[in-house]
Amino acid sequence: MSDDARARRRRGTGLGVLLALVCAAVLLTALPDRDREGGGACTARAVTSWQADRGLTDEFARYGNDPVRTDDWTGGDGTHSLRLPDGRVLWLFSDTYLGPVHGPPNPVGESSSWRDASAPMVRNSAVVMAASGRLRRTLPAPLFPDPGAGQWRWPVAARVEPRSPGSAERVVRVLLWTRTAGRAPWIYGVPTATEVATLSLPGLRLEGVRTVLDQRGLADAARRVLFGTSTLDAGDWTYVFGGNDAQAAGRRVSTAYVARVPRGGLGEPGAWEYWDGSRWAARARPAPVLGDGTRRGVGSAFTVVRDGGTYVLFTMAAGTRGLTTLTSYWACSPTGPWHGPLRGLSPSLPAGDVAAYNPQAHPALSGGGRLVLSYDVNWLDATGASAQANLSRNVSLYRPRFVTLRLGPPP
């Protein structure tokens, strides 16, 4: 072969490689990002519109004010829901007021319904809603007994699963956060462990509780992770999101984590795997998937939904905006990278020194392109007795409120 021929061949080969690289870049640019876990197409998603959902908010007000029973729910936070196989909806709450509610005026002359300051408060409760959407009854409370002196259980996300792999019988698995009484800054308890409770169907009787992740071995309570603030299915897996309590230790935001189990395996502690920053592992120390301690991160509780192949996370904003403003992130995988925070929304709040917290999605009540989201309201006073007095003089404060969202491309 002549020198000219060899030169032409080298130039042709180089041009071919360059064309191949250009074509590959064009294809990668044209194709949507891919969900590493589920394989679906992933595009940026954000809240495009929202409005107050008066129907659900008013239903909880009606039920809480009903004077017929004196042992039922009159207010609570930590709002989670689950559609049961027979169409009913199980609502789970953390700290809950029971007892009678009195009509207005209250003892200081305000036009609000009220409860006695001595009304009982329990650490968790469950309320059953009929398939029609009407709240019917409160299960005997607390549904999940304290694990020991100075400890309590807060229920978070729940799912219906087979009793055992391949079984036709189904049960309810409820994720629980165990906390232990502590001193400031741990006025809401020291994070202790993640547990899973099993409830029978259709009777919703508590059958047992198993520990999934015990965090007592970590001396730094701000680094302890509790899982279950949100769950969702993708492919063969159920993903379970959790967080630490960095905000209680003085950070502007907390940090999010994620675990997974084979679908139907929440009740098997040995089936859990944790994202360690590069892979899933059964005995790994969980690594953060979202949170820098300042501008990006999550509140004390948050929720994650899947819109097509895109994961969307809702949480309270960082800093003082987190008292009134919800924000969101999106990702193509539960492990991230998470994009955001996106533009926030500020739902209505009642008058007074109050704050919003714990946004939670309710897939059982969503559909047709609509996403139902709740948020809880509490009095800001850090003094327990003062906060309880304000929540009792106006029972409408300590109850969930609902909004309906629509998701779409960011503006």
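The model is predicted, and its secondary structure consists of three helices and 25 strands. Of the 411 residues in the protein, 52% are buried, and the accessible surface comes to about 18100 Å², with 54% of that area belonging to carbon and sulfur atoms. When contacts between residues at least 6 apart in sequence are considered, 58% of them join residues at least 24 apart.

**The open sheet S20-S21-S22**

- Three strands make up an open sheet, arranged in the order S20-S21-S22 with antiparallel pairing, and its edges are formed by strand S20 (303-307) and strand S22 (326-331), each of which pairs on one side only.
- On average, and with direction ignored, neighbouring strands of this sheet are turned by 25° against each other.
- The antiparallel pairing of S20 with strand S21 (residues 310-316) rests on five bridges, and within it Val305 stands opposite Val312 in S21.

**Burial of strand S22**

- Although S22 is an edge strand that pairs on one side only, six of its six residues are buried, so S22 is largely enclosed by the rest of the structure.
- Both faces of S22 are covered, with Leu326, Ser328 and Trp330 buried on one side and Thr327, Tyr329 and Ala331 buried on the other.

**Strand S12 and its two partners**

- Nine of the 11 residues of strand S12 (residues 170-180) are buried, so S12 is largely enclosed by the rest of the structure.
- Strand S11 (residues 151-162) is joined to S12 by 10 bridges, and the two run antiparallel; in this pairing Arg159 has Arg173 in S12 as its bridge partner.
- S12 also pairs with strand S13 (residues 190-199), in the antiparallel sense and over nine bridges, and here Arg179 stands opposite Pro191 in S13.

**The cavity**

- The count of cavities of 30 Å³ or more comes to one, and the largest cavity has a volume of about 30 Å³.
- The lining of the largest cavity is made of Val47, Phe314, Leu326, Thr327, Ser328, Arg343, Gly344 and Leu345.

- About 660 Å³ of space lies in the second largest pocket, which is lined by 28 residues, with Thr231, Val305, His362, Pro363 and Ala364 lying nearest its centre.
- Two or more lining residues are given by each of strand S5 (80-83), S11, strand S15 (226-234), S20, S23 and strand S25 (401-408).
- S20 gives the most to the lining of this pocket, with five residues, and Val305, one of the residues nearest the pocket centre, is the residue that stands opposite Val312 in S21.

**His362**

- His362 is found in the loop between strand S23 (354-361) and strand S24 (371-379), and it is buried, with a relative accessible area of 0%.
- His362 is one of the residues nearest the centre of the second largest pocket.
- Leaving aside neighbours within four places in sequence, His362 is in contact with Thr79, His80, Ser81, Trp91, Val372, Leu373, Ser374 and Phe402.

**Gly336**

- Gly336 is found in the loop between S22 and S23, and at 3% relative accessibility Gly336 counts as buried, because the limit for that class is under 20%.
- Gly336 and Tyr311 are 25 residues apart in sequence, and their C-alpha atoms are 9.0 Å apart in space.

Methods
Residues are numbered from 1 along each chain as its sequence is written. This is a predicted model: local features need pLDDT of at least 70, side-chain atom pairs count only at pLDDT 80 or more; totals for chains, interfaces and linings use all residues. Side-chain values use heavy atoms; hydrogens and water are left out. Helices (H or I, at least four residues) and strands (E, at least two) are DSSP runs, numbered from the N terminus. Buried means under 20% relative accessible area, exposed over 50%, partly exposed in between (1.4 Å probe, protein chains only). Contact means heavy atoms within 4.5 Å. Accessible areas come from the Shrake-Rupley method with a 1.4 Å probe; for residues, only the protein chains shown count as cover. Two strands pair if DSSP finds at least two bridges between them. Axes are lines fitted to C-alpha atoms, for helices over the stretch in contact, and angles run from 0 to 180 degrees between N-to-C directions. On a 1 Å grid over the protein atoms alone, a cavity is a set of points where a 1.4 Å probe fits but cannot get out, and a pocket is an open set with protein on both sides within 12 Å along at least five of seven lines; lining residues have an atom within 4 Å of a point. Grid points are joined across faces, edges and corners, and a volume is the space filled by probe spheres set on the points.
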